[in-house]
Amino acid sequence: MSERALVIERLNKIFTTPNERVVALREIDLQVKQGEFITVIGPSGCGKSTLLKIVAGLDVEYDGKVELNGQQIKGPSLEKGFIFQEPRLFPWLTVEKNIAGDQSLKDPKVRGKVHELIRLVKLEGFEKAYPKELSGGMAQRVSIARALLRKPDILLLDEPFGALDAFTRSHMQEVLLNIWETNKTTMIFVTHDLDEAVFLGQRVVIMNPRPGHIKSVLPIELSFPRKRSSLAFQEMRRTVLNEFEKVEEESYTVGAGI
Amino acid sequence: MVSTIEKNIQVATHKRQPLISRVQLRKIMLGAILPVGLLVIWEFAGRQSYLNPLLLPMPSEIYHEFIYLLQHGGLLGHLQVSTGRALTGFLVGGGLGLLAGILVGFSYKSEKMLDPSIQMLRMLPHLAIAPLFILWFGFGETSKLLLIAKGSFFPLYVNTFLGIRSMDRKLFEVANVLQFNKWNLVTKLIIPSALPNIFLGIRLSLGVAWLGLVVAEMMGSTTGIGFLINDARAMAMISTVFVGIIIFAVLGKLSDSLVLFIERKCLRWQQNFRGG
């Protein structure tokens with residue numbers, strides 16, 4: 001068995017506002033192996049994005065153990081790449097400069113790597129284009145390339161394809177799987193799309209709201225490349241859906257106050 | 001399907017345009033309709049003796065006066081002096097305004113400390129301050145320069161400050177994830193995002209510099225376009241007054257267009273509504 005890249009034990013997160021205390025995450029336990037592809041799915045408000053921000057080091061006010069490669073997470077670092085829901089490119093920089101970010105393109109090594117990544121995300125010919133000239137899917141591919149340039153051990157994706165149309169989304173999923181197979185980067189992918197979760201993940205983490213906690217973790221034992229139309233995929237999807245519906249029933253009975 | 005769209009975009013990004021395209025020519029003509037039409041009516045009214053030539057000389061007379069001043073009245077010399085004053089004042093005042101805007105924009109403490117006082121100074125009118133400058137520094141160049149600098153300080157200050165403070169938090173988060181150091185944070189994120197506002201500040205500051213120049217030159221000077229106007233007014237040489245006024249208008253517009261041109265070059269990445 002390969003090394004555990006990410007270890008989360010008894011993670012609790014409480015948001016305090018002047019009026020109330022909201023338990024965002026309760027007793028989260030999760031272990032992610034090096035090179036594993038994990039998808040996290042759950043209804044909105046289940047704390048899946050909060051969990052991802054904590055792993056990214058963007059939110060450091062939590063209780064419990066969150067370790068990446070044996071190191072407690074205390075802030076952002078280059079080992080942890082983060083893809084936001086929106087591409088968040090710098091509008092004043094061209095595609096290649098956006099990917100390079102704080103690194104200089106004058107350095108032939110950086111330049112070479114940037115262009116290699118542009119090929120990987122299939123954006124050849126757009127090196128000098130500005131973000132306003134890109135479609136949503138293209139812009140999100142730039143942001144993925146930007147994260148990959150830093151050679152992260154783990155890539156955290158917060159509903160990255162949520163704003164894209166169905167065709168572009170399935171294309172992007174294939175691009176991402178291709179990257180994962182090439183680079184062997186550990187992936188944690190948050191989504192609210194059941195199909196996406198089953199299509200991408202080796203394990204699907206199902207979360208439940210109020211307070212946010214992990215309901216179950218289901219392994220998806222289907223080999224890549226997966227076919228959505230295959231019987232095995234449909235069956236797997238149904239299993240996850242069943243689990244998911246149990247979550248929804250529970251959350252409706254618990255959250256009867258609405 | 002996707003690839004053809006991408007190719008089209010690619011073609012669009014790499015297409016180069018001639019220096020003045022047909023569209024631009026049409027735009028220039030659109031802008032010229034109003035002033036040219038006005039000139040024609042004005043000239044016509046003058047020739048029909050509807051206008052009192054002592055108060056409103058015809059455009060052709062103003063033109064002849066302009067040529068005369070150019071050849072015998074040392075107009076170019078006055079022009080040079082005025083432009084020099086406006087530019088120096090703008091550079092001093094605008095430069096300080098930019099620096100102060102950056103300082104106050106970056107630091108909450110310096111905002112609380114400096115901004116109230118600066119806002120108070122901003123409200124002081126030129127004409128209230130001018131006598132003080134003259135008392136302190138005499139009628140020489142220093143008081144004129146200070147007056148112009150005082151005017152051009154504030155627009156750049158206010159807009160630089162605003163530009164820095166209106167930075168997108170989401171992009172700041174990206175820079176945090178990518179571990180930008182302080183220097184890159186400033187040069188790659190904060191300055192570029194403040195640039196549209198800074199350019200607006202430059203344009204407003206330049207405009208105010210020209211306004212300050214007139215006040216400064218009319219108050220006591222023996223050179224410059226402002227002096228030319230004031231002197232001609234005293235002698236009731238109405239055509240000369242008009243030449244001076246038109247020169248101010250043209251110079252102001254030219255300097256504004258120059259900044260706008262540079263702005264367009266620097267802010268090519270922006271996508272804004274350009275009017276329907």
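**Salt bridges, within and between chains**

Reply: Happy to! Over all chains, the count comes to 21 salt bridges, in what is a predicted model. The idea behind them is simple: side chains of opposite charge can pair when their charged atoms come close.

Let's begin inside chain A. A:Lys13 forms a salt bridge with A:Asp59, and their closest N and O atoms are 3.1 Å apart. A:Lys13 sits in strand S1 (residues 4–16) of chain A, while A:Asp59 belongs to the loop between helix H1 (48–56) and strand S4 (63–68) of chain A, so this pair ties together parts that are 46 residues apart in sequence. Both partners, A:Lys13 and A:Asp59, are buried.

Because B:Glu173 lies in helix H8 (residues 169–177) of chain B and A:Lys53 in helix H1 of chain A, the pair joins two chains. A:Lys53 has a relative accessible area of 25%, so it is partly exposed.

Back in chain A, the side chains of A:Arg169 and A:Asp193 meet in a salt bridge, with 2.7 Å from N to O. This pair links distant parts of the chain, 24 residues apart: A:Arg169 is in helix H5 (residues 166–183) of chain A, and A:Asp193 is in the loop between strand S8 (186–191) and helix H6 (194–200) of chain A. A:Asp193 counts as buried because its relative accessibility is 18%, and the cut-off for buried is under 20%.

While you have chain B in view, have a look at its helix H5 too. The 15 residues of this helix (residues 108–122) should span 21 Å at 1.5 Å a residue, and the end C-alpha atoms are 20 Å apart, which agrees. At B:Leu114, H5(B) bends by about 40°, and a proline, B:Pro116, follows within four residues. At the start of H5(B), a side-chain oxygen of B:Ser107 reaches to within 3.3 Å of the backbone nitrogen of B:Lys109. The buried residues of H5(B) are B:Ser110, B:Glu111, B:Asp115 and B:Ile118, and their cover includes helix H4 (75–106) and helix H7 (141–165) of chain B.

Conventions: Residues are numbered from 1 along each chain as its sequence is written. Chains are lettered from A and ligands numbered from 1 in the order in which they are written. This is a predicted model: local features need pLDDT of at least 70, side-chain atom pairs count only at pLDDT 80 or more; totals for chains, interfaces and linings use all residues. Side-chain values use heavy atoms; hydrogens and water are left out. The expected span of a helix is 1.5 Å times one less than its number of residues. The bend at a residue is the angle between axes fitted to the seven residues ending there and the seven starting there. Buried means under 20% relative accessible area, exposed over 50%, partly exposed in between (1.4 Å probe, protein chains only). Contact means heavy atoms within 4.5 Å. A polar contact is a pair of N or O atoms within 3.5 Å; within protein, one must be able to donate a hydrogen and the other to accept it, and residues adjacent in sequence count only if both atoms are side-chain atoms. A salt bridge is a side-chain nitrogen of Lys or Arg within 4 Å of a carboxyl oxygen of Asp or Glu.
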